[in-house]
Every structure is written in C-alpha cells, then in structure tokens.
Amino acid sequence: MKKVLLFGAFFAFLGLTGFAQEASEEPVTDEEIEKFANVEFLTAQFVNDKTEELKNMISGNEIFQGGARYNEIKAAWGDDTKMAEAEVTEEEKAAFQEVIDFMGSLQESAKEFKTGLIMDDEVLGVSTYNKVNGAKSDPAVKEKIDSIVEAKKAEAAAAKEAEEDGK
C-alpha cells in the first residue's frame, strides 16, 4: 500500500510541475510569429524553386521532347515489357533516372534547408520555433502565421511579375 501511495504522489508531483511550467510560459510575441512565418515562407519558396527546377529539367531536356516522352517513360517505368514496347533507350533511362534521383532528394533537401533556418538564432532559433510551433494549436496564432505567409507569397509573386514585366 505504501508503494501505491508513493507512486501516486510521484505522478501528482509531476502533474503539478507540468502545470506550473505551462502557467509560467510567456505568450508568443508578434516578432516571434513573424520570424516563424518567415521560415515557413522561405521553406515554401525553396520548395517552389526546386519544383520549378524539376519542371525545367523535364521540359528543357530534348530527350523528353518537352515532357511528352517523359510521360511515356513514366507510364512504362518498372515494367520491362512496357519499356520494350515504348522502345525506351539507355539514354532515356539514364535521363529518367536522373529525374527520379532529383525528385527523391527534394524532400531531404527541403528538410535540411528548413532545419538550417530553424537552427540559426538570427533567423529563428530552436527555442522560438518550439514556442511558436506549440502555440499553433491556438487558432488565432495559426491564423496570424498563415496570413503573414500568404502576404509574403503575394508580395513575392507581385515582385516576380514586376521583374518579368520589366524585362
């Protein structure tokens, strides 16, 4: 019985400790939300740039004939019979494999990019990331982050359009 009471007291203490920590947490500041949203925006931009690079890799490669041959190879990929029917050459296989390898590296490179931003205290910092990420369960905080990211995307799109018009 003594062990059960001791065990219960231990968990009660842990519960109070957790409650005390939650109560003492400072609210998320607008500056922290802005930094967090900036990391989200920069990561989205990075992914968009890499996706554009992938599209150019496919459409700009004369082997893929603007993407039409890429689609044929993609449909046959992994099936030797279909590959033979589509008459896929070794050169086409190598080019397609290069695209597959690039696609496979996209997720890892995006993860490394975002981690680098989070780890950089001048950009965001781990403690700020954890604080704001934890506060995202509050709909008001999430809405604020989303609106900042959307505003940054719109601003970047307008700047890109103005740059293209100026050419």
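Reader: In helix α6 (residues 126-135), which residues are buried?

Author: Quick caveat: this is a predicted model, where local features need pLDDT of at least 70, side-chain atom pairs count only at pLDDT 80 or more, and totals for chains, interfaces and linings use all residues. Residues are numbered from 1 along each chain as its sequence is written, and side-chain values use heavy atoms, with hydrogens and water left out. Helices here are DSSP runs of H or I with at least four residues, numbered from the N terminus. Taking buried as under 20% relative accessible area (1.4 Å probe, protein chains only), the buried residues of α6 are T128, Y129, V132 and A135.

Reader: Why do they line one face of the helix?

Author: An α-helix has 3.6 residues a turn, so residues three or four places apart point the same way. Look down the axis of α6, using directions from the axis to the C-beta atoms, and the buried residues line one face because they fall within an arc of 135 degrees.

Reader: At roughly what angle do the axes of α2 and α6 cross?

Author: Axes are lines fitted to C-alpha atoms over the stretch in contact, with angles from 0 to 180 degrees between N-to-C directions. The pair counts as roughly perpendicular, a label covering 65 to 115 degrees. The axes come within 10 Å and cross at roughly 95 degrees.

Reader: Which residues in α2 meet α6?

Author: Contact means heavy atoms within 4.5 Å. On the α6 side are T128, Y129, K131, V132 and N133, and they meet E32, I33 and F36 in α2.

Technical notes
Buried means under 20% relative accessible area, exposed over 50%, partly exposed in between (1.4 Å probe, protein chains only). Helices (H or I, at least four residues) and strands (E, at least two) are DSSP runs, numbered from the N terminus. Angles under 35 degrees count as roughly parallel, over 145 as roughly antiparallel, 65 to 115 as roughly perpendicular and the rest as oblique.
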